[in-house]
Every structure is written in C-alpha cells, then in structure tokens.
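Dear colleague,

A summary of the findings follows it.

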Amino acid sequence: MAFPTAWMDELLAKNEIVSVLSSYMELKPKGRKLWGLCPLHGEKTASFSISPDKQLFYCFGCHAGGTVIQFIMDIERLPFVEAVQFLANRVGMEMPREVNDDALRKQRAYRERLYEAVKEAARYYCEQFIAPEGKVARDYAARRGLQKEIILRFGIGYAPNEWDRLKVHLTQKGFSEKELVDAGLLVQNADKNSSYDAYRNRLIFPIIGTNGRVLGFGARVLDDSKPKYINTGDTPIYNKRNNLYGLNLQKNIKQGDLVMVEGYMDVIGLYKAGVENAVASLGTALTQQQARLIKRYVETVYIAYDGDAAGQSATIRGMEILKNEGLNVHVIAFPDNLDPDEYVQIYGRDGFDRLKQSALTLNAFKLESMAAGVNMDSENERENYAKQACAYIATLQPVEQERYYNLLAKKTGYDVQSLKRQGGRGGSSQLSTSRLSRGGIRRKTDEEETARELLERSLIGAALQNKGALQLLQESDTKKYISIDTYASLLDAMGKSDFSMASYVAGLEQKDAERISSILKDEGVQTDPIRTVKEVIGRIDRLSNEERLASLQEKLKEPQLSAAEKADILKEIQLCIRAIK
C-alpha cells in the first residue's frame with residue numbers, strides 16, 4: 001500500500017529511529033553508528049547496528065534490517081500497514097485516507113464492510129453451535145474430544161443444514177448480497193441471478209489474522225462425505241497464501257519455535273494436548289509469504305505433516321521454502337501414517353515431545369525419503385539407494401558430508417570410505433530423475449554467484465556515498481552490472497530529485513529492505529567511491545568473461561561439433577582469454 005510521500009517523510013521524521021529503538025534496547029555509540037544487543041534474536045555480543053544518518057538498522061546476526069517501520073513489523077509482529085498505524089499513533093498523526101483518493105477511500109470503506117460481514121458471520125456460526133439444531137455439531141465435537149474451553153478458544157461454530165440461513169440473517173442486518181459474495185460467505189449461482197450459503201451442515205473454523213480480525217473460514221463435514229474440508233477462497237480481505245491458521249494465538253507469546261502442521265484439527269489437537277505453538281497452512285502448500293510470516297516470530301520450525309506419501313512430499317517442499325528464508329528446519333516423523341491429532345490422542349504430549357527431540361534435519365529427512373520403499377535386504381536396491389544418497393551428500397558442505405556419510409554407512413552397511421569414494425565420482429545427474437528432484441532442491445554451488453552479489457552491493461554502496469559515483473554507474477550499462485532487481489530498482493529511484501533512502505526502504509518488502517540495509521556492512525570501507533565503481537565494473541567484466549570462457553570450454557567438448565564450429569569456439573575462447581588478461 002502506497003502512502004503519500006510527504007506524509008511518510010513526516011512519519012519517519014517524527015519517529016526518529018534511535019528514539020524509537022532505544023525504548024526496546026540499550027544503545028551505545030561506536031564510530032558513526034549505534035550498537036546494541038538485537039531484541040529480535042537472542043545474543044550475548046552486540047551485532048545490531050543503527051545508522052542515524054540513513055535512518056536504517058541492520059543486524060549482523062539475524063540479518064534483519066530496514067527502517068523503523070520494518071523494525072516495528074518484526075518486534076511487534078505486525079503487517080506493514082499496521083506497523084505504520086502503530087507509529088502514527090505513537091506520535092499522534094492521523095492516517096492518510098488512502099492517498100486522499102476518492103476511489104481508494106471507497107475501496108477501504110468497502111473492505112471494512114467485508115470485515116464486518118465476516119465478523120457477524122463468525123458470531124452467527126457460534127450462536128448456531130449452541131442452538132438446539134447445533135446438537136449434531138456438538139455431538140461431533142464431543143466425539144473428537146473438543147471441550148468447551150477449546151471451542152471457545154478457537155471460536156468453533158456450526159453452519160446449519162440449509163441453503164440460505166446465513167444469507168437471510170446477514171441481509172437483515174443490512175449487508176448486500178454482493179458484499180456477502182465478495183466476502184466469501186455466499187456462492188453465486190452459475191446464472192448469477194441468485195446465491196446461496198457457502199457452508200452448510202459443517203463445523204466452522206474461523207481464520208483469524210494476527211491483527212485479531214476474522215478473515216475467512218474453514219468448514220469440515222460431520223460425516224465421511226467429500227470434500228472433507230472447504231475453505232474461503234481469496235477475497236479482498238483474505239489471501240490464504242499470506243496467512244497461517246493459529247498464528248494469531250502466538251502474537252504475544254515468546255516461543256522458541258513453531259510446529260507447522262497441515263490442518264485445523266491438527267492445530268487444535270496439539271493445543272488440547274498442551275502443544276500451543278502449532279500453526280497450519282490454509283488448504284494450500286506452504287508458500288514463501290507464509291515462511292516470511294513465520295520468520296517474524298521464530299528462527300526454528302518443526303514440520304509435522306501427516307505420515308502418508310502426500311504428507312512426505314509436502315514436507316520436502318515446505319522444508320526447502322523455509323530453509324531458503326533462513327529458518328532452521330526439522331521434521332517430526334509420525335509412525336504408522338498417523339497425523340499429529342491422531343498421534344497425540346494416543347501418546348499425549350510426552351509422546352509428541354519424544355518425537356520432537358528425535359526430529360530429523362532437512363538433509364537427514366531427504367535421505368530417509370529416498371530410502372522409502374527400498375528393501376535393504378535386496379543387494380541391488382540397497383546399492384542403488386546408496387549411489388543415489390552419495391550423489392546427494394556430495395552436494396553438501398564438507399562438514400555435513402562427514403556426518404551424513406556416517407549415517408548412510410550405518411543404514412546400508414557399506415564402508416564409510418567406499419561411500420565417500422562413490423560420492424566423489426559425481427553422478428549428481430541421478431538426482432534429476434529421483435524422488436528427490438520433486439522436492440525442488442535448489443542450492444548455490446558456484447562461489448562466483450556470491451561474489452557477483454558482493455560486487456553489486458559494493459557498486460550500490462559507492463553510489464549511495466558519492467554523487468559522482470552514482471553518475472558514473474548510471475552512465476554505464478547498468479543492466480550489465482546490476483542484475484539484482486532490488487538494487488536495479490533502488491538505482492532508478494536514486495536518480496530522482498526527491499529521493500529519500502529511509503522513505504524508499506520503508507515501502508519495500510521485508511526481504512528487499514533487509515538486502516538494502518545490508519549495505520551498512522560496507523559503510524566506511526570505501527574511501528574513494530568513484531574509484532570503487534571503476535574497479536568493481538572491471539571485476540564484474542572479468543567474472544562475466546570467466547563464466548563465458550568456462551561455458552565455451554564445456555561446449556568445445558561436445559562430440560557432434562563440426563571442424564568449423566570448433567574453430568569458431570576456439571576464436572571466442574581466445575577473445576575471452578585476452579579480455580581476462
């Protein structure tokens with residue numbers, strides 16, 4: 001959401017970053033920066049820095065960074081707009097009415113109507129649960145062991161077995177049919193001349209955002225009919241990719257980790273057993289947005305998906321997404337294809353804690369998944385599994401390799417040194433056709449890629465320090481030297497006369513804000529920014545030529561090349577070598 005530039009500048013000026021952050025932590029000056037113990041993650045040595053002149057912070061420990069807005073988003077666990085509201089309230093500023101635009105004001109008012117409609121629907125479902133006709137739902141809840149405390153805690157309700165009860169109830173309260181359809185409470189008939197209640201004869205689970213507002217619903221059948229669950233689709237106030245069921249219960253609780261499960265009843269079943277830090281994705285595979293949301297709360301996640309094949313596949317995908325967001329990921333493996341709710345009903349909290357203590361790492365889980373269905377008594381199957389596992393282990397860091405070759409040796413009975421030799425043979429192409437490839441493995445194996453990112457950050461850092469360096473960079477082929485979208489967009493913005501670093505970063509996605517704030521790492525290192533730009537451009541040219549040279553050398557090995565094609569490639573190789581020299 002865009003706020004007026006002048007209003008945002010005033011908000012940031014009144015919420016000077018040092019004055020705001022000093023209420024959360026003790027700050028001490030060192031050089032041009034202020035330092036303190038990061039309140040976003042536990043640490044004993046100060047790695048949290050504030051640059052007052054840029055109005056930015058950056059933590060060298062957890063890599064959080066940005067303006068005072070991003071800090072409030074992290075520390076108070078608020079989405080962007082609510083963090084802005086928090087800071088506006090702090091200094092007594094009125095929120096702008098959606099950039100003072102009539103159309104946007106109407107849009108905001110309409111969204112408020114949808115929020116009110118969904119809130120009234122949640123209240124109605126709760127009333128129906130305790131009404132005489134809600135006995136069928138109460139009986140089902142009793143069979144599932146849902147006591148009154150749990151029902152109230154999660155706001156569980158009941159949708160009567162009629163086509164328009166909710167529709168009649170809410171239209172009598174003044175809501176239009178269009179509003180109810182847009183809120184996901186009614187379904188439009190194919191002819192669009194009429195509509196009916198979205199949920200009938202189902203147990204209702206309200207989906208509540210971290211701001212405490214009801215956003216939508218999940219609904220479960222009370223028998224064995226299909227589909228078992230239906231969920232609110234995307235609406236103007238709800239997007240399942242950006243929310244997690246049960247996360248609203250974690251807002252004011254300091255948890256060391258979160259347990260990620262698949263469904264509503266898994267969250268509730270674990271909560272009933274005393275595991276109160278479980279959340280669930282909402283009828284969708286885990287998304288990057290959900291992973292970023294989790295990162296605001298904890299650094300460690302335990303995936304506790306169902307033990308069936310679908311659950312195992314979802315686990316690998318989810319682990320990769322969480323890992324790519326910098327989270328520590330472990331897997332709780334449930335025996336006998338049980339889901340978390342079923343497991344804690346049998347073994348209780350103690351049983352769950354034992355499984356959690358023996359949770360697998362990402363790499364261990366992948367190796368276990370590769371072994372699924374392999375008969376270790378069959379020499380051929382065991383050998384094929386060992387080859388596949390070695391190919392994967394060979395892609396890991398050396399310290400990790402040591403650990404997992406030892407585990408593989410215990411599992412297969414092969415000698416550790418033999419497995420290491422097998423891994424050293426390469427053969428990573430086997431992964432492309434294995435079950436592992438469906439997990440979406442994505443790993444940076446080229447150190448030059450990291451080097452390129454560092455060089456581009458140096459260019460942006462120099463441009464921020466010196467107008468001459470900025471002009472020199474802008475006059476070069478920026479698309480050639482700035483490949484990271486975050487930096488390219490920043491470079492474009494820096495060319496505008498009214499550019500403000502703090503205002504610009506304030507409106508970015510969290511990940512982009514952190515990336516730009518990481519430039520604080522290099523502050524003060526560049527004594528001659530113009531010279532830095534010239535040298536870095538030369539180094540990027542060299543990297544590009546080295547990459548091109550390696551590509552040509554590989555191409556030259558292709559057996560089907562004609563003599564003329566080989567000659568052309570050799571000429572290009574010579575040109576690359578000269579450019580590098």
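Which residue in β13 is the bridge partner of Met260? It is Val279. The remaining findings are set out by topic after a note on conventions.

The model is predicted, and local features therefore need pLDDT of at least 70 and side-chain atom pairs pLDDT 80 or more, while totals for chains, interfaces and linings use all residues. Residues are numbered from 1 along each chain as its sequence is written, and side-chain values use heavy atoms, with hydrogens and water left out. Helices (H or I, at least four residues) and strands (E, at least two) are DSSP runs, numbered from the N terminus.

Sheets and hairpins

Two strands are taken to pair if DSSP finds at least two bridges between them. The bridge between Met260 and Val279 belongs to the pairing of strand β12 (residues 258-261) with β13, which is parallel and has three bridges. An open sheet of five strands has the order β13-β12-β14-β15-β16, and its pairing is mixed. The edges are formed by β13 (278-280) and β16 (360-361); each has a single partner strand, so one side of each is left without a neighbour in the sheet.

Strand β1 (residues 28-30) runs antiparallel to strand β2 (residues 33-36), with three bridges between them. Lys30 is placed opposite Lys33 in β2. The hairpin of β1 and β2 has two residues between the strands, and Gly31 adopts a positive phi near 70° there. β2 is also joined to strand β3 (residues 48-51) by three bridges, again running antiparallel. In that pairing, Gly36 has Phe48 of β3 as its bridge partner.

Strand β9 is mostly covered, with six of its seven residues buried; buried means under 20% relative accessible area, exposed over 50%, and partly exposed in between (1.4 Å probe, protein chains only). β6 is joined to β9 by three bridges and runs antiparallel to it, with Gly157 opposite Ile204. Seven bridges connect β9 with strand β10 (residues 214-221), also in the antiparallel sense, and here Ile204 has Ala219 as its bridge partner. The hairpin of β9 and β10 has five residues between the strands, and Gly212 takes a positive phi near 85° in it.

Aromatic residues

The structure holds 18 aromatic pairs. Rings of Phe, Tyr and Trp (its six-membered ring) pair if their centres lie within 6.5 Å; planes under 30 degrees apart count as stacked, over 60 as edge-to-face and the rest as tilted. Trp163 and Tyr196 form an edge-to-face pair, because their ring centres are 5.4 Å apart and their planes lie at 80°. This pair links distant parts of the chain, 33 residues apart: Trp163 is in the loop between β6 (157-159) and α8 (165-172), and Tyr196 is in strand β8 (residues 195-197). Trp163 is exposed at 53% relative accessible area, whereas Tyr196 is partly exposed at 23%.

Phe205 and Tyr229 form a tilted pair, since their ring centres are 6.5 Å apart and their planes lie at 45°. Phe205 is in strand β9 (residues 202-208) and Tyr229 in strand β11 (residues 229-231), 24 residues apart. Phe205 is buried at 0% relative accessibility, and Tyr229 is partly exposed at 26%.

A charge sits over a ring if NZ of Lys or CZ of Arg is within 6 Å of the ring centre and within 35 degrees of the ring normal. The charged end of Arg200 lies over the ring of Trp163, 3.8 Å from its centre. The charged end of Lys356 likewise sits over the ring of Tyr302, at 4.9 Å from the centre.

Cysteines

A search of the whole structure finds zero disulfides, a disulfide being a pair of cysteine sulfur atoms within 2.5 Å. For Cys38, the nearest cysteine sulfur is that of Cys59, 3.7 Å away. Cys38 is buried at 5% relative accessibility, and Cys390 is buried at 0%.

Helix α25

Helix α25 (residues 563-580) has 18 residues and reaches 26 Å from its first C-alpha to its last, close to the 26 Å expected at 1.5 Å a residue; the expected span is 1.5 Å times one less than the number of residues. Its buried residues are Ile569, Ile573, Cys576 and Ile580. They cover an arc of only 60° around the axis and therefore lie on the same side of α25, the arc being that of the directions from the helix axis to the C-beta atoms. Ala563, Lys571, Leu575 and Arg578 are exposed on the other side of α25.

With kind regards
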